[in-house]
Amino acid sequence: MDIKHGFVGTVGNTPLIRLNSFSEATGCEILGKAEFLNPGGSVKDRAALYIIKDAEERGLLAPGGTVVEGTAGNTGIGLVHICNAKGYRCLIVIPETQSQEKMDLLRTLGAEVRTVPAVPYRDPNNYVKVSGRWAEEMDNAIWANQFDNLANRRAHYETTGPEIWSETDGTIDAWVASTGTGGTYAGAAMFFKEKNPNIHCVVADPMGSGLYSYAKTGKISTEGKSITEGIGNSRITANMEGAPIDDAIQIDDPEALRMIYQLLYKDGLFMGGSVGINVGAAVALAKQMGPGHTIVTVLCDSGSRYQSRIYSRPWLEQKGLWSDDLLPR
Ligand code: PMP
């Protein structure tokens with residue numbers, strides 16, 4: 001018998017998918033870890049589960065307790081599913097500028113959603129800081145604190161990395177992934193380097209994020225901007241601290257869009273925007289390294305979360321990013 005134990009037992013062990021059109025074009029094996037197949041629909045289910053398990057193990061969270069986080073995205077979705085499955089309340093703090101769909105989705109899933117004015121991180125009323133304070137003031141509550149809570153990258157060190165290692169029989173030559181908190185990139189990169197220090201670990205970065213300049217010069221510069229949601233950072237989080245970075249590749253929005261539309265129309269994979277940055281960087285890396293290499297990246301979430309944006313022609317036209325080249329050929 002092979003039966004998964006509820007939602008929690010279904011997180012992880014996602015398939016590794018050969019991205020055929022890109023592999024054939026480059027002569028490399030370009031492989032995507034299918035994180036969109038996690039039960040909550042994204043790579044963040046792994047971090048959410050580890051953060052909650054870690055708090056339970058440390059005695060910080062008991063039945064009937066509350067998990068608090070400042071997030072508008074996949075982490076909130078992962079947390080609320082796990083809270084439902086384990087009998088916790090979930091309180092999500094989000095800036096009032098976030099889309100109505102996201103707030104509605106979190107409420108539908110069962111989270112208590114509180115909106116706060118959208119102010120920068122340095123302001124004490126920033127949503128991340130508000131969520132931290134609320135968690136502190138409540139009994140039997142934890143602050144998930146995904147950016148700086150190392151249980152996040154431990155999820156990837158203990159699960160994502162080892163899964164990819166065994167799925168590729170240890171033949172992986174390069175690991176390339178974008179970073180939000182950095183948990184996915186750093187956790188897997190640390191595992192790979194322990195197995196084989198020659199595995200090339202490369203950060204994929206959207207325009208306007210500081211990791212690319214940090215990898216190239218040691219300084220953070222955040223010039224430019226991107227429509228990609230869920231990734232990019234202007235600081236080195238605790239999860240990124242000490243992570244091996246051999247190189248970084250910057251991918252702009254038009255290139256990322258070409259990638260996800262090709263994935264859709266040539267490979268049949270309907271992917272979110274950060275996947276465009278990841279696959280764009282994997283293809284660039286394949287060109288740098290030459291044919292015959294095995295390059296692994298992440299398929300973070302599905303395109304269905306972005307239908308009104310990156311898959312809407314009028315939305316892209318308004319941003320000046322539509323091109324007929326995106327259509328199937
Ligand atoms: N892609 C998407 C769509 C995400 O929501 C996130 C997490 N914010 C990431 C990539 C990056 O994952 P991590 O936080 O592990 O760096």
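So, the domain assignment of the protein chain gives domain 1 (7–37 + 159–326) and domain 2 (43–143), with the bounds coming from an automatic or database domain assignment. Keep in mind that this is a predicted model: local features need pLDDT of at least 70, side-chain atom pairs count only at pLDDT 80 or more, and totals for chains, interfaces and linings use all residues. Residues are numbered from 1 along each chain as its sequence is written.

Taken over C-alpha atoms, the centres of domain 1 and domain 2 are 25 Å from each other. At the interface, 14 residues of domain 1 are in contact with ten residues of domain 2, contact being C-beta atoms, placed from the backbone, within 7 Å. On the domain 1 side, α1 (6–10), α7 (151–167) and α8 each supply at least two residues. Helices here are DSSP runs of H or I, at least four residues, and strands are runs of E, at least two, numbered from the N terminus.

Now, where does the ligand lie? Both domain 1 and domain 2 give residues to its shell, so it lies between them. There are 19 residues around the ligand, and the closest are Gly-180, Thr-184, Gly-230, Ser-274 and Cys-300; the cut-off is a C-beta atom, placed from the backbone, within 6 Å. Helix α8 (residues 183–195) gives the largest share of that shell, three residues.

Over to the strands. β7 (residues 174–178) and β8 (residues 200–206) run parallel, joined by five bridges, and pairing takes at least two DSSP bridges. Ser-178 stands opposite Ala-204 in β8. Six of the seven residues of β8 are buried, where buried is 20 or more other C-beta atoms within 10 Å of a residue's own, exposed is 12 or fewer, partly exposed is in between, and C-beta atoms are placed from the backbone.

Last stop, helix α10 (residues 253–267). Its 15 residues should span 21 Å at 1.5 Å a residue, and the end C-alpha atoms are 20 Å apart, which agrees; the expected span is 1.5 Å times one less than the number of residues. Buried residues in α10 include Asp-253, Leu-257 and Tyr-261, and the buried ones pack against α2 (20–26), β9 (247–251) and α11 (273–289). Pro-254, also in α10, is partly exposed because it has 16 other C-beta atoms within 10 Å. Just after the helix, Gly-268 takes a positive phi of about 75 degrees.

Note on methods. Two residues are in contact if their C-beta atoms, placed from the backbone, lie within 7 Å.
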